[in-house]
Amino acid sequence: MSNIAKAFEGGKAFIPFITCGDPDLETTGKIVREMAANGADLIELGIPFSDPTAEGPVIQGANIRALSGGVTTDKIFDFVRELRKDVSVPLVFMTYSNVVFSYGAERFISTCQQIGIDGIILPDLPFEEKDEFLPICRQYGVDLISLIAPTSADRVAMIAKDADGFIYIVSSLGVTGERSQITTDISKLVSVIRENTDIPCAVGFGISNPEQAKNMSQFADGVIVGSAIVRKIAQHGKDSAKPVGEFVKQMKDAIR
């Protein structure tokens, strides 16, 4: 069983996202530990990138702050090594194909295995091009997380059959960011996924409050929240750990 599967064993999973190095790696470490202590079942760590095409303005801002603070992929690898001394929840990287490609795919993915990263999410990687990374991921036991969007249509079954770790359901078209309402028929997407795989699926993009999280968790196995958390970090800076921990607890309680 992959370590990611453990995140979904105890009921509905709450999956928060943060950008590593926003506002600095020391604060990121405090936030991750608070999130783990307050019920996060799996944590997505964003590796900042200069052109994050899937991100709305909130996470774009976090990328800019982290990069201008001097964060690099190697510094994030060292940070995760330190984190793994006392943080046991599953961890996945969310970044872009070019970050992995320019680092060297095998070097990047083998390092993920060494430091205790359980999976990677590459939102700009089309299903048809995943063989660029998938064999190496499977060689090193790092799950390459597949994304399914409202526009995936007749490709949903194909993507689901070949998925590892968990399936990331993109709830809404467009970039990341908080939305007042989510109109996609998530139950319909989930039913097609269920017909083709027993791998868990989690919904992200646009979920920003406990009520939305509760609604989405009725259909999927987990809920992913990024922009609402990153906004809190932008507000509180180096004092973000406690307010983010309290928010994670509210969200986890809503989906129990």
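Predicted model: local features only at pLDDT ≥ 70, side-chain atom pairs only at ≥ 80, totals over all residues.
Residues are numbered from 1 along each chain as its sequence is written, and side-chain values use heavy atoms, leaving out hydrogens and water.

Now the overall build. There are 12 helices and 8 strands; these are DSSP runs numbered from the N terminus, with helices being H or I of at least four residues and strands E of at least two. The radius of gyration is 17 Å, close to the 18 Å that the globule rule gives for 256 residues, so the protein is as compact as a globular protein of that length. Here the radius is taken over C-alpha atoms, and the rule is 2.2 Å times the number of residues to the power 0.38. Along the principal axes, the C-alpha trace spans about 45 × 40 × 30 Å.

How much of the protein is buried? Buried residues make up 59% of the 256, where buried means under 20% relative accessible area, exposed over 50%, and partly exposed in between, with a 1.4 Å probe and protein chains only. As for contacts, meaning heavy atoms within 4.5 Å, residues 24 or more positions apart account for 72% of those with a separation of 6 or more.

On to the aromatics. The structure holds 8 aromatic pairs. Rings of Phe, Tyr and Trp (its six-membered ring) pair if their centres lie within 6.5 Å; planes under 30 degrees apart are stacked, over 60 edge-to-face, and the rest tilted. Take F8 and F166: their ring centres are 5.8 Å apart and their planes sit at 45 degrees, so this pair is tilted. It links distant parts of the chain, 158 residues apart, with F8 in the loop between α1 and β1 and F166 in the loop between α8 and β6. Both F8 and F166 are buried.

A second pair, F77 with Y103, is edge-to-face, at 5.4 Å centre to centre and 80 degrees between the planes. F77 belongs to helix α4 and Y103 to helix α5, so the pair ties together parts 26 residues apart in sequence. F77 is buried at 1% relative accessible area, and Y103 also counts as buried, at 15%.

Next, a lysine to look up on your screens. Is K130 buried or exposed? With 5% relative accessibility, K130 counts as buried. K130 sits in the loop between β4 and α7 and touches L125, L144, S146 and D162, leaving aside residues up to four places away in sequence. By contrast, E26 in helix α2 counts as exposed, at 58% relative accessibility.

Finally, some backbone geometry. Most residues other than glycine have a negative phi, and most peptide bonds are trans. The peptide bond from D22 to P23, however, is cis, with omega near 0 degrees, and P23 lies in the loop between β1 and α2. F205 has a positive phi, near 75 degrees. That residue is in the loop between β7 and α10, and F205 is buried at 7% relative accessibility. Thanks, everyone!
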